[in-house]
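Welcome to this short tour. Have your viewer open, and select each stop as we come to it.

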Amino acid sequence: MRLKHLFSLRKIPVLFWIIGFAAVACQKTDSLQPVTPPVNPPHDTASNGQPAPVADSAMTLYVGRNYSLYALNAQTGVVKWHTMLGGMVFRSVLYYQGLIYIATSDSNLILHAVDTNGREQWSVNLNPNIGASDIYAANGLIYMATQLSPPVAYDAKTGAVRWTFHPDSSNVATHGGTLYLSRNVLYFVSNNTLFSIDPGTGGMIWRIDYRTIILPAITDGKVIVYDYNGYEEAFDRQTTALLWKLVPAFYDYYTSTASISVDAALGNVYAFESNCYDKNDLVEVRDTATGAMKLTIGMDEGYTGTINCQDSLLYISGHLYLYCYNAVNGAFVWQAGLGVAAPYAWPVLDGVTGVGGTIFYSYDYVYARDGRTSRLIWKTLLEYPDGWCYSVPCVVTKSGKAFRYGNNF
């Protein structure tokens with residue numbers, strides 16, 4: 001499960017301007033040169049050995065940091081190589097069929113394809129320089145959208161444009177928005193309208209008008225939509241027939257919570273609610289079949305970033321801590337400090353990647369922890385702690401499977 005939240009541009013189509021940075025003059029690849037060796041933090045319990053190998057263990061972790069893409073040994077945290085890309089790393093990294101895809105922002109927004117030795121194979125300009133969705137891949141194609149441009153499919157090997165999505169003329173104001181790939185269908189939210197798109201051709205399968213400004217949950221043949229006025233609806237994923245609908249008894253902007261992200265797993269739909277004024281953040285857990293409330297999980301601090309589910313555990317980040325809960329019954333499991341932010345910046349933990357019981361994430365360092373106990377396995381500092389966030393890690397296993405956010409995508 002990969003949960004779409006407030007602070008990531010794939011969730012809410014609000015313009016997110018990226019400040020331009022001076023371009024780096026050339027690309028640099030430093031093969032097999034660790035930037036900083038993995039270290040164990042003071043006052044934290046670290047593993048004295050490497051994690052026990054499993055049948056399909058995590059092998060390589062790819063993560064963006066400032067102007068560079070890094071490859072790390074996922075077992076030890078040692079840096080294999082890093083490549084400067086000429087712009088500030090933007091959005092999460094994707095590994096697909098032997099190439100790593102990453103977007104950077106400088107005077108332009110650029111999509112890069114880099115091989116597993118750190119050499120750039122191709123790049124395309126995604127003008128204008130305004131927030132982009134996460135990168136997705138299927139059918140030999142790479143998919144992206146920006147806040148001012150619709151989804152585009154690029155050939156994964158060459159970068160050539162294969163199709164551009166064109167919404168029908170009845171909604172001429174539709175332009176850009178947020179994008180999500182689930183079960184080989186693309187979902188695109190723009191101007192409160194949800195589109196279902198064939199990823200092979202770019203053709204529209206269906207549309208649901210004026211229902212949501214956040215990406216939906218996709219599960220069990222359903223599309224589950226939450227809107228900012230508290231309405232919750234489930235539609236048939238093939239026909240868009242309404243399956244259930246929950247209408248709030250009363251909604252007031254100043255006192256009520258509004259859904260800011262939603263996703264589903266384990267027969268549950270998880271809605272992340274926030275109050276604009278008092279940080280009364282909570283997670284609502286509902287039955288996907290009926291919409292009936294099962295339980296709620298309250299937050300002791302403001303919700304800031306990631307919510308991921310893996311191995312029946314739910315990971316939620318606040319301002320200061322990463323929390324782990326039982327995803328079935330909501331029981332608290334553990335919490336761990338996020339790390340130390342620079343005095344002039346407040347990073348947001350934008351995603352936890354889980355593989356084989358280990359979770360990987362980045363904040364001030366790149367971290368590997370035991371997902372069930374929070375035991376620190378390793379952490380590695382890349383460059384200096386200047387307050388800029390890392391991207392969400394993408395982890396590749398021995399068999400070549402790629403994991404990003406909670407589950408294999």
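This is a predicted model: local features need pLDDT of at least 70, side-chain atom pairs count only at pLDDT 80 or more; totals for chains, interfaces and linings use all residues.

**Stop 1: colour by confidence.** The chain has an average pLDDT of 78, and 72% of its residues score at least 70. Select residues 376-380 to see strand β32, where confidence is highest, with a mean of 96. Then select residues 29-31, strand β1, where confidence is lowest, with a mean of 37. Residues 1-37 keep a pLDDT under 50, although the model gives them 133 contacts beyond four places in sequence. Residues 39-53 are also below 50, with 18 contacts in the model beyond near neighbours in sequence.

**Stop 2: the whole chain as a surface.** Of the 409 residues in the chain, 58% are buried.

**Stop 3: strand β15.** Select residues 193-197 and show their side chains. In a regular strand, side chains alternate between the two faces of the sheet. Here T193, F195 and I197 point one way, while L194 and S196 point the other. Are these residues buried or exposed? Every one of them is buried.

Residues 185-190 make up strand β14, which runs antiparallel to β15 and is joined to it by 5 bridges. Look for Y187, standing opposite S196. The two strands form a hairpin with 2 residues between them, and N191 in the turn has a positive phi of about 50°.

Next, select residues 204-208, strand β16, which pairs with β15 in the antiparallel sense over 4 bridges. S196 turns up again, this time opposite W206. This hairpin has 6 residues between its strands, and G202 in the turn has a positive phi of about 85°.

**Stop 4: S362.** You will find S362 in strand β30, residues 358-362. Its relative accessible area is 5%, so S362 is buried. Which atom does the side chain of S362 reach at 2.8 Å? It is the backbone oxygen of S391. Beyond four places in sequence, the contacts of S362 include V63, L349 and Y390.

Stop 5: Finish with C324, which is buried because its relative accessibility is 0%. C394 also has 0% relative accessibility, so C394 counts as buried. The structure holds 0 disulfides.

Notes: Residues are numbered from 1 along each chain as its sequence is written. Side-chain values use heavy atoms; hydrogens and water are left out. A disulfide is a pair of cysteine sulfur atoms within 2.5 Å. Buried means under 20% relative accessible area, exposed over 50%, partly exposed in between (1.4 Å probe, protein chains only). A polar contact is a pair of N or O atoms within 3.5 Å; within protein, one must be able to donate a hydrogen and the other to accept it, and residues adjacent in sequence count only if both atoms are side-chain atoms. Contact means heavy atoms within 4.5 Å. pLDDT is the predictor's confidence in each residue, from 0 to 100. Two strands pair if DSSP finds at least two bridges between them.
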